[in-house]
Amino acid sequence: LIHKLQKDNSNEESKREISRNSRKSLETWCKKELPTVKIGKSTARRFIVSSPDGDEIIINRIFYNETISKYKNSTLYPIKLEYAKKAHELIKRATLVNPKEESKDHHDAYFKVYEIEDDCYIIQMKVKCNADGNFMYIMRVFKK
């Protein structure tokens with residue numbers, strides 16, 4: 001699907017439809033695939049994974065919402081949404097490229113920046129770190 005989206009030479013209206021369908025697909029995926037885990041006496045829907053540097057990273061609905069809301073005008077937007085479905089697998093193999101990026105908007109936190117490459121793209125994932133834990137926050141995709 002990612003390579004099909006990359007090669008698509010559709011008109012602007014069709015590209016908007018592809019973006020809309022990709023967004024809906026990710027939203028549906030989240031409802032079906034996010035596991036329910038017990039946290040204390042309550043439950044939450046999230047992935048809890050270990051990064052290569054040993055940190056426990058939480059991937060919850062906030063990550064998917066942020067990913068959906070950012071960089072909508074990018075030509076790689078639908079591709080990014082497809083990669084977001086695999087974020088819980090990608091982060092396990094990613095390389096830590098910046099252990100402490102300052103946050104401009106979140107004064108109580110900093111970001112750890114991870115990257116992983118495939119044949120066509122560089123996928124960058126930012127993990128927000130604060131007193132509450134390490135939460136996957138945003139994903140970006142760049143052409144190689």
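How many helices and strands does the chain have? The chain has five helices and seven strands; helices (H or I, at least four residues) and strands (E, at least two) are DSSP runs, numbered from the N terminus.

The model is predicted: local features need pLDDT of at least 70, side-chain atom pairs count only at pLDDT 80 or more, and totals for chains, interfaces and linings use all residues. Residues are numbered from 1 along each chain as its sequence is written, and side-chain values use heavy atoms, with hydrogens and water left out.

**Figure 1. The whole chain.**
The C-alpha atoms fill a box of roughly 50 × 30 × 30 Å, taken along the principal axes. Of the 144 residues, 46% count as buried. Here buried means under 20% relative accessible area, exposed means over 50%, and partly exposed lies in between (1.4 Å probe, protein chains only). Among contacts with a separation of 6 or more, 45% come from residues 24 or more positions apart; contact means heavy atoms within 4.5 Å.

**Figure 2**
Strand β1 covers residues 36-39 and strand β2 covers residues 42-50. The two pair in the antiparallel sense over four bridges; strands count as paired if DSSP finds at least two bridges between them. I39 has S42 in β2 as its bridge partner. Two residues lie between the strands of this hairpin, and G40 in the turn has a positive phi of about 60°.

Strand β3 (residues 56-60) runs antiparallel to β2 and is joined to β2 by five bridges. F47 is the bridge partner of I59 in β3, and S50 stands opposite E56. Five residues lie between the two strands of the hairpin, where G54 in the turn has a positive phi of about 95°. Four of the five residues of β3 are buried, and the strand is mostly covered.

**Figure 2. The surroundings of R45.**
R45 lies in strand β2. With a relative accessible area of 36%, R45 is partly exposed. Not counting residues up to four places away in sequence, R45 touches C30, K31, K32, E33, L34, P35, T36, N60 and R61. One of these, L34, is 11 residues from R45 along the chain, and the C-alpha atoms of the two are separated by 5.6 Å.

**Figure 3. The contact of helices α3 and α4.**
Two packed helices are described by the angle between their axes and the distance between the axes. Helix α3 spans residues 61-69 and helix α4 spans residues 77-84. Their axes come within 10 Å and cross at roughly 170°; axes are lines fitted to C-alpha atoms, for helices over the stretch in contact, and angles run from 0 to 180 degrees between N-to-C directions. The helices α3 and α4 are therefore roughly antiparallel to each other (angles under 35 degrees count as roughly parallel, over 145 as roughly antiparallel, 65 to 115 as roughly perpendicular and the rest as oblique). F63, Y64, T67 and I68 in α3 meet Y77, K80, L81 and A84 in α4. The residues of this contact divide into six nonpolar, one polar and one charged. In this scheme Ala, Val, Leu, Ile, Met, Phe, Trp, Tyr, Cys and Pro count as nonpolar, Asp, Glu, Lys and Arg as charged, and the others, Gly among them, as polar.

**Figure 4. Burial in helices α3 and α4.**
Eight of the eight residues of α4 are buried, so this helix is largely enclosed by the rest of the structure. The buried residues of α3 are F63, Y64, E66, T67 and I68. Y71, which follows α3, has a positive phi near 60°.

**Figure 5. The surroundings of A87.**
A87 is in helix α5 (residues 87-93). A87 is buried, with a relative accessible area of 0%. Leaving aside neighbours within four places in sequence, A87 is in contact with I59, F63, M125, M136 and M139.

**Figure 6. The surroundings of K126.**
K126 has its place in strand β6 (residues 121-130). K126 is buried, with a relative accessible area of 17%. Beyond residues up to four places away in sequence, K126 touches E101, F111, K112, V113, F135, M136, Y137 and I138.
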